[in-house]
Amino acid sequence: FDTANRDKFRPLYHHTPLYGWMNDANGLVYKDGEYHLYFQYNPYGSVWGNMHWGHSVSRDLVHWEHLPVALARDTMGHIFSGSSVVDVKNTAGYGEGTVVSFYTSASDKNGQIECMAYSRDNGRTFTKYGKNPVLTPFDGLKDFRDPKVFWYEPEQKWVMIVSADKEMRFFSSKDLKDWTYMSAFGNGYGVQPSQFECPDMVQLPVGGDENNKKWALIVNINPGCLFGGSATQYFVGDFDGTNFVCDTKPEVVKWMDWGKDHYATVCFSNTGDRVIAVPWMSNWQYANIIPTQQYRSANALPRELTMYSEGKDVCLAVNPVKELDALRKETKEIPAFTVESGKEFTVDTLFAANDGAFEMDLELAADADCSGFKLMNGRGEYVDIYLDGKNGKLVMDRVHSGIVDFGKNAIPHEKEAHDNRVKNSINYVDDFALATWAPLSKDKQHKLRIFVDKCSVEIFLDGGKVAMTNLVFPNEPYNSLSFYSRNGSTKVTACTFYKLGL
Ligand code: FRU
């Protein structure tokens, strides 16, 4: 079977399946120096269907080795999303350090039920538990899936969070097999989706203060994204082993990413103090019709999550993992320059042999209504990224980014998202050809880290206060830049490009 790459948009340094369809990252777990990335996988075609857990493994979160399917679809149905733990204390009786995974079996006959499987060979092969399912919905809910299991140290017990339609339900267990209902959270909180999906919950010190830890309940919603389709929100609060209590009022919404291609984000278990999340880099509105063939969908860069406070508000900062620095192959530094109002400053060639994979780190001091740049290729295609100081927004506009026309066949717009775009004067042609925006602080100084690959642009602003992940399909790599400044000047005090390669 020839698995040499046949897609020009296949990313160079983002994880993709060799062939076939991928959605959510599943069962992320770190063990004995290896990061296991399982994922929703259709090995029989590059559209959604026949769900299995595919499997890749990495020692550095950057280089991925492809392994055989870990969990294959069976007579109980699809193998939907879920999580893995390392059973350090042998609570389930399969041996110390066994990897135990939880997934949803989904079928018309049985509905959505939670099942377990365990691996004694470091996550390579799994045995499905003979008495599956371990959990079924007590009220016959249709949408009851994506079990996230973690160890709750103070009570020496396991906790499972299941997305149960309009809420997340919390269960506990001593042996990973018998689960008892504890509580629910979510109804009426944040942006209310048609249903919650793929929950996760992590505890982090606020601003690095080990005496002040908070929990972030991450939950994915579809639809409900500000720009249409799928997105990831989170709630910050406390967890006493039974109940999650949110710090903020129900109407407060916190987005983990302000792009349109960030979904089903969950974190690795067993990583000690680090919290590392992997988002699926697509949107259910058009994931099945993006212009690739051999495979569909990539994962966004693994991100390290930390917590910081802003006044009384506690938020997640989202930054690319430091391991990605190892991708830097060539450096190009441009000495500081000023873009005068109404003028442009261009960088004609970023790299001589640009294969479309690079990072740019910028620091700027903007005293303008709008400071930005176009990332362009030789075909007149470009991504427009700008700080709209006047309206307090960071914007990424992909209307002219390359192939966008498949967006016309996307799953129909939701009225709310459409109204939102109109209200916020978002440049908007259809569900793919649009601009996304994030709030921008009033500070005049900003730092941007931008990662470009064959089919994506990811922005991390001001130390991760904003992350923005968007797909783009340029017909040739972007290789020049044109900075501009409107109604005021922009000083670019640092401007470094790195050509990236594995
Ligand atoms: C989220 C999701 C999950 C489900 C899986 C099925 O993208 O809908 O809720 O388990 O995908 O592939």
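In strand E10, Lys157 is the bridge partner of Tyr152. What you're looking at is a predicted model: local features need pLDDT of at least 70, side-chain atom pairs count only at pLDDT 80 or more, and totals for chains, interfaces and linings use all residues. Residues are numbered from 1 along each chain as its sequence is written, and side-chain values use heavy atoms, with hydrogens and water left out.

**The E9-E10-E11-E12 sheet**

- Four strands make up this open sheet, in the order E9-E10-E11-E12, with antiparallel pairing. Strands here are DSSP runs of E with at least two residues, helices are runs of H or I with at least four, and both are numbered from the N terminus.
- The edges belong to strand E9 (144-152) and strand E12 (180-185); each has a single partner strand, so one side of each is left without a neighbour in the sheet.
- From one strand to the next, the twist averages 25 degrees. For that angle, axes are lines fitted to C-alpha atoms, for helices over the stretch in contact, and angles run from 0 to 180 degrees between N-to-C directions.
- Seven bridges pair E9 with strand E10 (residues 157-164) in the antiparallel sense; two strands count as paired if DSSP finds at least two bridges between them.
- Trp151 has Trp158 in E10 as its bridge partner.
- E9 and E10 form a hairpin with four residues between them, and Gln156 in the turn has a positive phi of about 45 degrees.
- E9 is mostly covered, with eight of its nine residues buried.
- Lys157 sits in E10, and its side chain reaches the backbone oxygen of Gly241 at 2.9 Å.

**The E4-E3-E2-E1-E19 sheet**

- Here you get an open sheet of five strands, ordered E4-E3-E2-E1-E19, with mixed pairing.
- Strand E4 (65-71) and strand E19 (295-296) stand at its edges; each has a single partner strand, so one side of each lacks a neighbour in the sheet.
- E1 and strand E2 (residues 34-42) run antiparallel and are joined by seven bridges.
- Within that pair, Trp21 has Asn42 in E2 as its bridge partner.
- Val69 is found in E4 and counts as partly exposed, with a relative accessible area of 31%.
- Val69 and Tyr41 are 28 residues apart along the chain, and their C-alpha atoms are separated by 8.4 Å.

**The ligand shell**

- Around the ligand you'll find Asn23, Asp24, Gln40, Trp48, Phe80, Ser81, Arg145, Asp146, Glu197, Tyr263 and Trp284; a residue makes this list if one of its heavy atoms lies within 4 Å of the ligand.
- By class, that shell has four nonpolar, three polar and four charged residues. Ala, Val, Leu, Ile, Met, Phe, Trp, Tyr, Cys and Pro count as nonpolar, Asp, Glu, Lys and Arg as charged, and the others, Gly among them, as polar.
- A polar side-chain atom of Asp24 lies 2.8 Å from a ligand oxygen atom, and a polar side-chain atom of Gln40 lies 2.7 Å from an oxygen atom of the ligand. A polar contact is a pair of N or O atoms within 3.5 Å; within protein, one must be able to donate a hydrogen and the other to accept it, and residues adjacent in sequence count only if both atoms are side-chain atoms.
- Ser81 uses its backbone instead: an N or O atom there lies 3.2 Å from an oxygen atom of the ligand.
- On its own, the ligand has 320 Å² of accessible area, and the protein covers 95% of that. These areas come from the Shrake-Rupley method with a 1.4 Å probe; for residues, only the protein chains shown count as cover.
- Strand E1 (20-31), strand E5 (78-87) and E9 are the elements that give two or more residues to the shell.

**Two more residues**

- His413 lies in the loop between strand E27 (393-397) and helix H1 (415-423), and counts as partly exposed at 42% relative accessibility.
- The C-alpha atoms of His413 and Asn243 are separated by 36 Å, with the two residues 170 apart along the chain.
- Phe345 belongs to strand E24 (residues 344-347) and is partly exposed at 26% relative accessibility.
- Between the C-alpha atoms of Phe345 and Phe460 the separation is 23 Å, and these residues are 115 apart along the chain.

Definitions and conventions:
Buried < 20%, exposed > 50% of the residue type's maximum accessible area, 1.4 Å probe, protein only.
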